[in-house]
Amino acid sequence: MDPLEHAALSGTDEAAMAAKAEDSPLAMALLREISAALADYLETGETAVIDLKSLPMLDADRDALADLLGEGEVTATLNVAGESEVRETGYAGVWWVRHFGADRKLAAEQIEITAVPEILLAHRDDIAAAADRLAASLKTDPPEPMTTLDRDTHHV
Amino acid sequence: MSDGRTLGQLLAQRGVSRRAFLKYSSYLASLMALPPAASRAMAEGLAKAPRQSVIWLSFQECTGCTESITRAHSPTLEDLIFDFISLDYHHTLQAASGEAAEAARHEAMAANKGKYIVVVDGSVPVGAGAIYSTIAGITNQQMLEETVKDAFAVVAVGTCAAFGGIPHARPNPTNAMPIRRLVKDKPVINISGCPPIPEAMAGTLAHVLAFGNVPELDSHGRPLAFFGDSIHDRCYRRPFYDKGQFAESFDDDGARKGWCLYKLGCKGPVTYNACATLKWNGGVSFPIQSGHGCLGCSEPHFWDMGGFYKPVSAPSDEVGPLAAIAVAGGAAAGVAAGLVHRAAKVKAKAAHTTVTVDDLEKTS
Amino acid sequence: MTAVDLLALARGPLFQIALVIFAAGVTLRIVEILVIGRRPDYAEARQGAVLSGVSTMFTRSIPREGMFRRNPFVIVSGYIFHIGLFVVIFLSAPHIEVWRAITGFAWPSLPTPLVDFLTVASIAAMLVVLVNRMRDPVLRFLSTFQDYLVWAATFLAFLTGYLAVHHMLLRYEAMLAVHIISVEVLLVLFPFTKLMHTFTLFMARYYTGATFGRKGVES
């Protein structure tokens, strides 16, 4: 089903939506793109990424898009080379991903259309390394878990 | 220096997961406008790449380029590039000096033969036997030749290395040369700018690491991902240019309203760089946003384009007096020519005799 | 040689050379004509010559009715590209900056879309007059190489300027260099060709008007 229709049916005030569409044509255009990408995903399994940072977005456009997409059930904060934030929107399969650099400065901002954003998954190589480490630590007693603090000491 | 381990393994040892690669790649993909598939490939490529040996040569330069890349703003995400490369020689940054420094360069060259990247900032003076600039007892030209011989690729950072820059400005007393004029048998990537944008340097290096090839370049050898559009094309003041609304001075009404700075000498239309999109100081601003025209620092002839405040459409040199002299000279020549013609007319009139019917009969 | 090298050359030495040839050449030819002067007319004047001369400079800018009816399309085209030339040269913002560099004076410019529209109209009009020149048997017979040369030089200046402003075909710096060079060619041709009619037209009209005036004939 078209997500716009869905939103209308699920009780979003149609007049409010129309007002927003007038406020931010960009947000409406993005919504249509997201809708098409969702349909593609269901049909072919092809995931999509929309890079918000490369668009000439004003704060108003961002707010309008956030309002239109709504909130989902999942919010994840990652601590990887600075902070990152993954939020599910009100539409399943549509994720709002924000990567921060230093001083919580926005480094990348994307809408991902996928079952779960790849960055949340543990990479096979990391799992393999973890398995080795865990196995090794079981041989020597007591096991020493690695803390996340270690990664801050890697600097040049 | 590389020891056969991949960047993925090296960083995993420090508790940095593959997620960091994904995050870094999405960040770069956003900067370079890469498609999502390329971003994933870049993350995989980076994780599988060995740590890249980099030899940084500084010639006729001001160290501004080094300042710029070391100010890539964050000790976290943006700085990951420093984990991906092994800066084996950089005479300003390295701890070693003198012979130990030179030994480090030779060691890196031998250990990574055919694989290391040479970064050059500064132009190379070749006048007077290239003796205007020497390091460790050899000329810059010798050091470049020697170091580039076994390199995988050369990255010329900054306008001096890319196009000659300030040392190359008229009259170019040292006969300063850009790197591309001297290195013919290796790929040379130019990342121009005075200084270049740190993200452009990091992004280009990351591309070479992840994909093992040279990114797509423009006709000046610059990566299209960062130098594909002119400042003018991406300028937020462009609508004012299109409408013909120009600031006439830096403090008039137009300037206050943020109108186009074309008439005040903005070189945006002929300058290719990413300032208008990536901006400076961690995305805070860029010259035009701060109310000053683009200087055109990432272009060849940066210093010889006729002054920062001369519009691009205007002649680069002073022409007013020349035009006045030409008009005066033309006028003088016109008077002379006119007088000669008049004299000829008077002479012709004097020589004129009336022909009668009798005269005609005589001759026939 | 790169486009930027070409642009530096076009804005620098080539412009100086073209400007000197144009300014000196045009001045020389005008002054020469004035110095040679006219044959003295000893007949008593029926009325003032000056007023008639000056008014003729302008009245002859209006087409004769009969001529206009015969070929209105071509005549209107002629007007369009001449007006277009005037506006583009004197009232477009980038060109005013050139005038400022030469004379030290500047004046307000017309909005870019208007200049743009006149440029397109002028390009179309120039094509109309060319087709007319080649189709009309009399005109074709009278046309020399020079007629086509000055048409081409003027047309190229218009076309490359339009392409440069709109970033078409080549990158801006390359097209800008081509445009400036095409104008420099026009400037160099100017004193040696019929392009001189820009100035001599008005002198000729004045002489005609003045002569008629003396004779008491309406011109």
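Visitor: At its relative accessibility, does B:Cys275 count as buried or exposed?
Guide: This is a predicted model, and the value is computed from it. The relative accessibility of B:Cys275 is 10%. The limit for the buried class is under 20%, so B:Cys275 counts as buried.

Visitor: Which residues is B:Cys275 in contact with, leaving aside its neighbours within four places in sequence?
Guide: B:Cys275 lies in helix α15 of chain B. With neighbours within four places in sequence left aside, its contacts are B:Ile197, B:Ile231, B:Trp280 and B:Phe286.

Visitor: What is the relative accessible area of B:Cys294?
Guide: B:Cys294 is placed in the loop between α15 and α16 (320-351) of chain B. Leaving aside neighbours within four places in sequence, B:Cys294 is in contact with B:Ile231, B:Gly265, B:Cys266, B:Lys267, B:Gly268, B:Thr271 and B:Ile288. B:Cys294 is buried, with a relative accessible area of 10%.

Visitor: UniProt also lists a "binding site" at B:His232, B:Cys235, B:Cys260 and B:Cys266; which lining includes these residues?
Guide: This listing, too, is from an unreviewed entry. The residues span 35 residues in sequence, but no two of their C-alpha atoms are more than 11.3 Å apart, so they gather at one spot. B:His232, B:Cys235, B:Cys260 and B:Cys266 are included in the lining of the largest cavity.

Visitor: Which residues does B:Cys235 touch, not counting those up to four places away in sequence?
Guide: B:Cys235 sits in the loop between α12 and α13 (238-243) of chain B. Its relative accessibility is 11%, so B:Cys235 counts as buried. With residues up to four places away in sequence not counted, B:Cys235 touches B:Ala276 and B:Ile288.

Visitor: What is the relative accessible area of B:Cys266?
Guide: B:Cys266 lies in the loop between α14 (253-256) and α15 of chain B. Not counting residues up to four places away in sequence, B:Cys266 touches B:Leu261, B:Ile288, B:Gly293, B:Cys294 and B:Val312. B:Cys266 is buried, and its relative accessible area is 8%.

Visitor: Which residue of chain C is in contact with B:Arg238?
Guide: B:Arg238 is in helix α13 of chain B. At 19% relative accessibility, against a limit of under 20%, B:Arg238 counts as buried. Leaving aside neighbours within four places in sequence, the contacts of B:Arg238 are B:His232, B:Asp233 and, in chain C, C:His167.

Visitor: What is the volume of the second largest pocket?
Guide: The pocket is lined by 38 residues, and those nearest its centre are A:Lys53, B:Ala276, B:Thr277, B:Leu278 and B:Lys279. By class, the lining has 22 nonpolar, nine polar and seven charged residues. The volume is about 1100 Å³.

Visitor: Which elements give two or more residues to the lining of the second largest pocket?
Guide: From each of domain 1 (7-227) and domain 2 (238-304) of chain B, the lining draws at least three residues. The elements that give two or more are α2 (18-32), α12 (224-227) and α15 (275-278) of chain B, together with, from chain A, β5 (106-113).

Visitor: How many Å separate the centres of domain 1 and domain 3 of chain B?
Guide: Chain B is divided into domain 1 (7-227), domain 2 (238-304) and domain 3 (320-363). Taken over C-alpha atoms, the centres of domain 1 and domain 3 of chain B are separated by 71 Å.

Visitor: Which chains have the most contacts between them?
Guide: No contact joins chain A and chain C, and their closest C-alpha atoms lie 21 Å apart. Two pairs of chains touch, and the pair with the most contacts is chains B and C.

Visitor: What percentage of the residues of chain A count as buried?
Guide: Chain A has five helices and five strands, in the order α-α-α-β-α-β-β-β-β-α along the sequence. Among its contacts between residues at least 6 apart in sequence, 42% join residues at least 24 apart. Of the 156 residues of chain A, the share that counts as buried is 37%.

Technical notes: Residues are numbered from 1 along each chain as its sequence is written. Chains are lettered from A and ligands numbered from 1 in the order in which they are written. This is a predicted model: local features need pLDDT of at least 70, side-chain atom pairs count only at pLDDT 80 or more; totals for chains, interfaces and linings use all residues. Side-chain values use heavy atoms; hydrogens and water are left out. On a 1 Å grid over the protein atoms alone, a cavity is a set of points where a 1.4 Å probe fits but cannot get out, and a pocket is an open set with protein on both sides within 12 Å along at least five of seven lines; lining residues have an atom within 4 Å of a point. Grid points are joined across faces, edges and corners, and a volume is the space filled by probe spheres set on the points. Helices (H or I, at least four residues) and strands (E, at least two) are DSSP runs, numbered from the N terminus. Ala, Val, Leu, Ile, Met, Phe, Trp, Tyr, Cys and Pro count as nonpolar, Asp, Glu, Lys and Arg as charged, and the others, Gly among them, as polar. Domain bounds come from an automatic or database domain assignment. UniProt positions are given in the numbering used here, feature names are shortened, and annotations may be inferred rather than shown by experiment. Buried means under 20% relative accessible area, exposed over 50%, partly exposed in between (1.4 Å probe, protein chains only). Contact means heavy atoms within 4.5 Å.
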